[in-house]
Each structure stands twice: as C-alpha cells, then as structure tokens.
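Work through these exercises with the structure open beside you. Try each task before you read its solution.

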Amino acid sequence: MDLLNISSTALYAAFVLYLIATFFFGATIRDKRTDNKKGISAKIAMTLTVLGFLAQLVYFITRWMASGHAPVSNMFEFLTFLGMALVLAFIIIYSYYKLSFLGLFALPIAMIIIAYASMFPTELAPLVPSLQSHWLYIHVTTVALGQGILGISFVVGLMYLIKQIDQTVKSKQRSWLEFVLYLLFVLIGFVVITTTFNAVNYNASFEYQSGTETLVTEYHLPAIAGPNQGTLITEDIMEPWFETPSWFQGGDAGRKFNTVIWSLIAGSVIYLITRLILRKRIGAVIQPLLKNVKADLLDEIEYRSVAIGFPVFTLGGLIFASIWAEIAWGRFWGWDPKEVWALITWFFYAAYLHLRLSRGWHGEKSAWLAVIGFGIIMFNLIVVNLVLAGLHSYA
Amino acid sequence: MKEIKCECGHVNPLGTVLCESCGKPIEGNQHIDGNDDEKLLNMRYDGTARRSKTYNKSWIDRVWSFFSSVKVGIWLIVLALVASMIGTIFPQEMYIPANAPNRDPAVFYEEQYGIPGLIYFQLGFHNLYSSWWFMVLIALIGISLVICSLDRFVPLFKALRNQKPKKHKSFLSRQRLFSETDFVTDHDMETVKKQLRKRRYKITEENGHILAEKGRFSRWGPYVNHIGLIIILLAAILRSTPLFYMNEYVWVREGDIEVLPETNGEYYIENKDFILETHDENDERFREAITQEGVVASNFQTDVIVYKANRPIPGAEPELEPIAEDSIRMNQPLEFDGYELYQSGYQLNEFSNMTFKIHETTDSDEEALASFTVDLRNPESEFELESGFRVVLDQYYPDYYLDDDGEPASETNFPRNPAFVFLVYPPNSESAEVSFLGIGRNIDATGENEYKIGIQDFEMHDVSGLTFKYDRSLPFFGIGAAIFMIGVIQGMYWQHRRLWIQRKKDGSLLMAAHTNKNWFGLKKDIEIVIENTNVNMVTDQQELEEKVE
C-alpha cells in the first residue's frame, strides 16, 4: 500500500478517534466523582485522544516520507498540523490539571480545524525554491505549537464565558458569546457546503481581468458573487447574482468571497435548525454542562496556557521566522502582512499578560481577551492568507 | 529623605506599603496599592516603595510616574497594535503589485481603492512603518520598558533580600491562601519541613517562624526579557546607520563582470550562468498538483565568481583576483568578506545581439548581399559594410510597444523585445530606404524598397537580480532575542512560591502562601506538604465568584 494512502487513512482514523473520545469526555459529566479520582470514562476518553494523536502522527510522518518535505507547506497541511498541535497542547494541559471537560470542548475545536483544513487542495505539492529549507519545518511547527497552546486558552476562555454569562437576562455579553458560537457554525457550514458540492462535482469557469492579464478561475460552488468584471464560460449553469467589489485584494478574490457567502448561508441554516430543535440559545444549552467546573480553575488554565504558549509563539512566529526570512530573502523583517499580523498577535498577548497584573482583568474580561486573541490568530491564518496579498499566500 | 520605622524594628524607605521585613501594612500608605478596602493585600511588588508612587513634585517625577505606569505601557502596546493593523488594510508602497496598471502611489491607491485609497495615501499610511509617528510610538514603548523595569526591579530586589521569616499576623491573614490550626505537634512540624525540603523549597527559620521559598529567580524574568527587548530596539537604531547596514540590488547579465556597489570598487562579480529549473511534471508524487496548478519552479540559481580588485597603481585598470566561486540559490546565499549575495530576481531571455542581412526584396531565396551585427546593449549608430552598403540605425526600441497614442515606444531599457528603424543606403547612393524591423515584424513603410533587411541570427542571455548587503547589527538582534527568550521562559515557566508558617508557643499555627502565578500548583504543593499532619489545608480567600448557581 502506498504511503499516501496510509497517510490519509491515518488522518481519517485520527478524526474518528477524536470524535469518539469527545463522546466519552461528554460521559464524564455524569460522573459524580470528585476531581481527583477519575472515572472510567475519562480514562477511556484520554486513551482514545492519545491514540488519535498517534494516528495523526502517523499521517504526518508518512506524508513527510511520501513528499520528501515536512507536510506543513500549504493551507491543508498547516491547518491539519494546527489541529494536531491543539490536541497535543490539550494532552499536556490535561496531564497537569486533569480537567475532563476541557476535552469536551478542545477536541471538537480541533476537529473543526482539521475538517476545515481538508477542504483545501490535499494533493502533494512540490516546494517552490523559497520554501526549500530546513527552516520550513522548524519555523512552521513551532508556530503551530504556540498557536495550539494559545488555542487552549481560547477553548478555556470560551468555557468560562459559557459558564459565567447569565443566560436569563438580555445583555451585550450574552449576544457576543452567541455570536462567537455562531462563527463556529459558519466553519461547520463551510465544511458541509464544500463537501456537498464536491460530491456532485460542481464546476463553473469564469474569465476575468487582473491587472494586465486575463485569468480563468473555477468555482466549485454555484456563483452568487462572480469575479470582478468576469464572464461565465461554462454553459447551462447558474449565472452570478452580482460581482465581487473591486477592492477585494489577493488572487482569485471573487471565488473566495463567494465561498464566504456560502459558508455564512450554510452556517446560518444549520444554526437556525439547531436553535429550532433546541429552542434555546446555544450558550444556554451548553451552560449546564459546566456547572461542576470551578470558574477559578478555568481562569487559571486560560492564563497559564497563554503563559506557556506565548514564549513558544514568540520563538516560532517571530524569532525563527526572522532567521529564515534573513536566509531566504536577505531581510529578517519586511512588514509583509503576514509578518505584521504575527507581530499584532504578539502585541495582543503581551498586552494580555500585562493586564493580568491587575486583578480587575481576571475572570470574564480576561476570557474575552483569550477569545479575541485566538480570533486574531485565525484572522492571520485565513484572511491574511486568502485576502491580503503577500509573500505567504500559498493557498 | 524620611524613612519609616516599622514596629518590628526594620527601617523602610519612604513610600513602602508593606514592611520589607515583617510585611505589616504601613499605615497611611495602603491606598498606594489599593489595599484599603480590600480583604487581601496586593502582593504584586511585595508592597515595596516605588519611586513612581512616592514622588510627584518635579516634572522629572511626573515623567517618571507616567512612563512607569503599566497602564500607559499597555496603551502604547495597543496603539502600536492598531497602527500595525492599519498598515495592512492596503498594501504598503513596497508591496504594490508589479502588474498594477500604474505603480505610482499617487495614482495607484486612488485607482485601486477609490476614496478610501486616496485618504490612505494622503495620510501617509502607504509608508506607515517608516513614518515618524510610528517610530515615536516604538521609542515611547522603549522608554516605558526601561522606566517600568527600573521603577520596580530595584525595590523588589531589596525587599526580597530583606524579607524575614517572621511576619506580622495581619500580613499572613490577608494573603490569598491562609489557614489557622489550633494545635500542631513538633512531629507534624518536622514532617512539614521535611516535605518542603523534598519539594525543593528553601527554608529559613527564625524563632519558630518559617519561610519556605522557591523559584525566586522567576521574579526577574520580566526584567530580563525587557532588557532583551531594549537591546533589540537599540540594534534597530544601529541598523539604520550605514556602518551597520547596507543593502543594494544589482542586475548582472550572464557573461558580464560588474562592480559591486558600496565597496569603493573593491569587489567585482561575474555572472557565469543563470539557471532556472522546474519540478519534473512526470514525478509521480506531484503529478496531480502540477496538472492542476501548472509548472512549479524548483530552483533559481546564479553561478558566480567574486573578484577582489588589486590596484597597484591608483587609477589604473584593476587586476581582478577571484576570491569566491559558487552557486547562489534561494535559501543559500553566498558570503564573502562580511558581505552577502542573495538570489533575488531574474530576467530570462534578453537579447544580447542580433545579426541582420540585406537582400533584394524580389529575391525569393533571400541571398545575403551583406550582413551586420547590432550589439543590443550598446548599439553603434552606423554600419559601413564591405559590399558598399551603409546602414544607419535611426531608431532603437529595446522593449518595443505601441503607446496609448499608437506611437512606437520602449517600455523598459532592457532588450526584451527589440525593434529598429534602419536607413539603408545602397552602394553609391545618397538616398536611403527606410525599414522597420522587430520580432515578427518587417515593415516597408513606402512599399517601394529595393532591399529588405531580415534577421539572420541572434544571441540571448539571462539576467540575475542579486541582493548585495551586509548587516552587522544581526548579532545584536540575536543577543537581544536570546535574552528575551531566556527572560520570558524564566518568568513564565517557573513561579515564585512562598509559604509562611508561624507556630506560637501554645502549638497553634498560622499558614499563609503566595505565588505570582499558578495557584493551582501551589495548592497542590501545600496538600502534599501537610499530608498526614494535623495542619489545616489553606483556604483560597479569593475565588472568583460563581455568577450562575
């Protein structure tokens, strides 16, 4: 059997293992025992998580062997690795705090990231000259690990907010929390809609002008927003409803904008159906699950994961990044959008750590910051890569 | 300077909040750390006297107080963060895409992004990161770093050195972790101490008062990492001077030897060959991706020889002595004598020269009557040919295109798409025939030419774009970054834990504990330490309130 098959099977296995593990973590809620003595379901859940992680490691190693370079060179590979880093960070944090509930939230987030990753092209791609360096895996894996650990602070911050925000009274906090949860639905919506149209092999080609060149782009979702000044080539297929505004930057802006629209639609539909079935806000549904977790402990785990993740992120995202940039381009810092957003992330967490010096910023405010911080990381990953043009736009 | 004597006998500097020795809150100073209305003491800087909180008379005091405020520091960080974000809304000037219709920033931003683009350009945001106000912001952060650190480090260092195991009761009971036990045996005390030592606490005793401490060095982490950041900012200043940093871009044609700029003519470079390789389309691993995305480059490489110029006689042609011969690739720059050369760009297939022949217009065999070669980089204007023909190069367009008015023009000065207007004087003739010639074009303007010019042969070459630089500030950035990492790890991955135990003569015991982070770990430590003894577990006096029941 060839390596690539083993690799994708292993990734699939990891995903399934994480899924089953999540259910077992869910079962720990009903465990009446105290924090110190772990029930059997927590043990099973953790074993499954570790197995899942090992399976993903198999994916990583076999894919590396198959392609000859570290599989962190495009969107699919990087996001998959980020999911893996999040699970690793979870395992580390769990081994210290033994908080099963964390698994119930961290694993689904990791799964959403991995599912999101697999919507990008998954073929092995050869490396362009600028990426041919050992620093590719040194830099990228360290960044991903840092982001994974910071991701745990997001997960815990979110848990804190779900637990602490009063769902019985109308408030700004309640709406914003619901909005954050809604965004997770949009990601799921993206996965669902992409998978659906991929299954039926939908394809619509457009011709459009970019600067002085004429380019062709292929839509795999029906075009709601066509490319700016584009013409549909494929026949007998839905005409776009409107054109993408010209100020969208980056290559293939129209197709990406169209994907965003579809994700919003699909996410909203799934969200509304869920709401109709549950007849409650999502936050209110999850809240009772967190009844037995101490808010204090959540606050501490959130802070510690930032404290642990921040140095790792600095090392990978700024220092290793600079060293590589110096070797590849002869300048260690160039104010490329990706670099700037790494700096913004760093500024943000630096501000977070300083704010934690004052007691007034513990608890809810700090949880909001942890959520926003991960928002910045995802922004850098998704929007900066796909929308703002720059040296890092691989996908 | 007025000093404050505590009832324990220790003399504290003015502005002290908690006695350096026994920790007793000093009356009249509690507002400084906001302790007055709180049950728990603010232990952030151990209640030391900080200059910023003590003096505010002169303007120096006020400036000091301003910059030593963490709040101000955070605001500066937030401002730098927002400014950085703004800089990514539209591309910075240096990242205006090469294929943009007009790369002049005055035109580009408005043309591409409309009114917001125009405003962006007029506010100077297209060069945001080198603007004076962004520099000022970074400098202010630097000042804040220095003052914040000095303001806190010095008193904290003294206080931690002066601390005594014997603490005042009000200090102990107002710690976040605290417990009272009615009676504890000597044996229990020994167990606790043994366990503390086993967990690598350093124990100091004074008349039955115990201070167990570990990881104090982690308290210096923030100051160490701030030193690293300051070194990085200083390195950035050094880098802005030509002594530390030089960066030039040179284009070298294959076969050419060029002088390297900014070296006073000391170094020359020869481009032997430029090589562009692509990934094999038949490589089974990547076939699918290449089919979808097109051909992918696998290597950009320039084979070069670097020469050092010897000038025994000033002004004379230098003797070139080869000092390095190597291939420069992406990710593999060439280093020599403190300089570096990077593969940064290329131009394929420029024309080096073209050979033309003259034949009779009516001759279907196009037999050459005469031929001549034009050096496209340095064309001669007139050619006297042996057969008696005379050719004048009337117009030369190295990179021919028709401009907006339909007039022939040259887009660049590089011979990528050369076109010519020749005046051909047949033998013994004073009147010329005009021929327009380019690649795929051969136009006889009048239609009455007796002779025609055709391209007989040509030679081509590639051009390598190389970044030539030195950056002597790099070691300083390296040292700064290393110190930052050491500091940040020291501060984040270790914690300063302290445990105070006070046993009275009647056997009753007070226990209090403090850490700068990771309370969970400290509680775990205490649980283990008091195991199998009568000592009560500490209660956490500051749990975040549970909002929802």
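A residue is called buried when its relative accessible area is under 20%, exposed when that area is over 50%, and partly exposed in between. Keep in mind that the model is predicted.

**Exercise 1. Find where Phe286(B) sits, and decide whether it is buried or exposed.**

Step 1. Locate the residue. Phe286(B) is in the loop that links strand 8 (267–278) to helix 9 (287–293) of chain B.

Step 2. Apply the cut-off. The relative accessible area of Phe286(B) is 4%, so this residue is buried.

Step 3. Look for its contacts, leaving out residues up to four places away in sequence. Phe286(B) touches Ser67(A), His69(A), Leu124(A), Ala125(A) and Pro126(A).

Step 4. Check a distance within chain B. Phe286(B) and Val296(B) are 10 residues apart in sequence, and their C-alpha atoms are 10.0 Å apart in space.

**Exercise 2. Describe the interface of chain A and chain B.**

Step 1. Count the residues. Chain A gives 78 residues to the contact, and chain B gives 72 residues.

Step 2. Take the area. The two chains bury about 6000 Å² between them. Carbon and sulfur atoms hold 62% of that buried area.

Step 3. Look for salt bridges. The rule finds two across the interface of chain A and chain B.

Step 4. Name a salt bridge between the chains. The side chains of Glu326(A) and Lys469(B) meet in one, at 2.4 Å from N to O.

**Exercise 3. Work out how compact chain A is.**

Step 1. List the elements. Chain A has 11 helices and five strands.

Step 2. Along the principal axes, the C-alpha atoms of chain A fill roughly 65 × 50 × 50 Å.

Step 3. Turn to burial and surface. Of the 395 residues in chain A, 59% count as buried. The accessible surface of chain A is about 16200 Å², with 68% belonging to carbon and sulfur atoms.

Step 4. Check the contacts between residues at least 6 apart in sequence. In chain A, 73% of these join residues at least 24 apart.

**Exercise 4. Examine the positive phi values of Asn201(A) and Glu262(B).**

Step 1. Asn201(A) is not a glycine, yet its phi is positive, about 60°. The residue lies in the loop between helix 6 (172–199) and strand 1 (204–210) of chain A. Its relative accessibility is 65%, so Asn201(A) counts as exposed.

Step 2. Glu262(B) has a positive phi near 60°. Its place is in the loop between strand 7 (257–259) and strand 8 of chain B. At 54% relative accessibility, Glu262(B) counts as exposed.

Definitions and conventions
Residues are numbered from 1 along each chain as its sequence is written. Chains are lettered from A and ligands numbered from 1 in the order in which they are written. This is a predicted model: local features need pLDDT of at least 70, side-chain atom pairs count only at pLDDT 80 or more; totals for chains, interfaces and linings use all residues. Side-chain values use heavy atoms; hydrogens and water are left out. Helices (H or I, at least four residues) and strands (E, at least two) are DSSP runs, numbered from the N terminus. The radius of gyration is taken over C-alpha atoms; the globule rule is 2.2 Å times the number of residues to the power 0.38. Buried means under 20% relative accessible area, exposed over 50%, partly exposed in between (1.4 Å probe, protein chains only). Contact means heavy atoms within 4.5 Å. Accessible areas come from the Shrake-Rupley method with a 1.4 Å probe; for residues, only the protein chains shown count as cover. Buried area is the accessible area (1.4 Å probe) that two parts lose on being put together, summed over both. A salt bridge is a side-chain nitrogen of Lys or Arg within 4 Å of a carboxyl oxygen of Asp or Glu.
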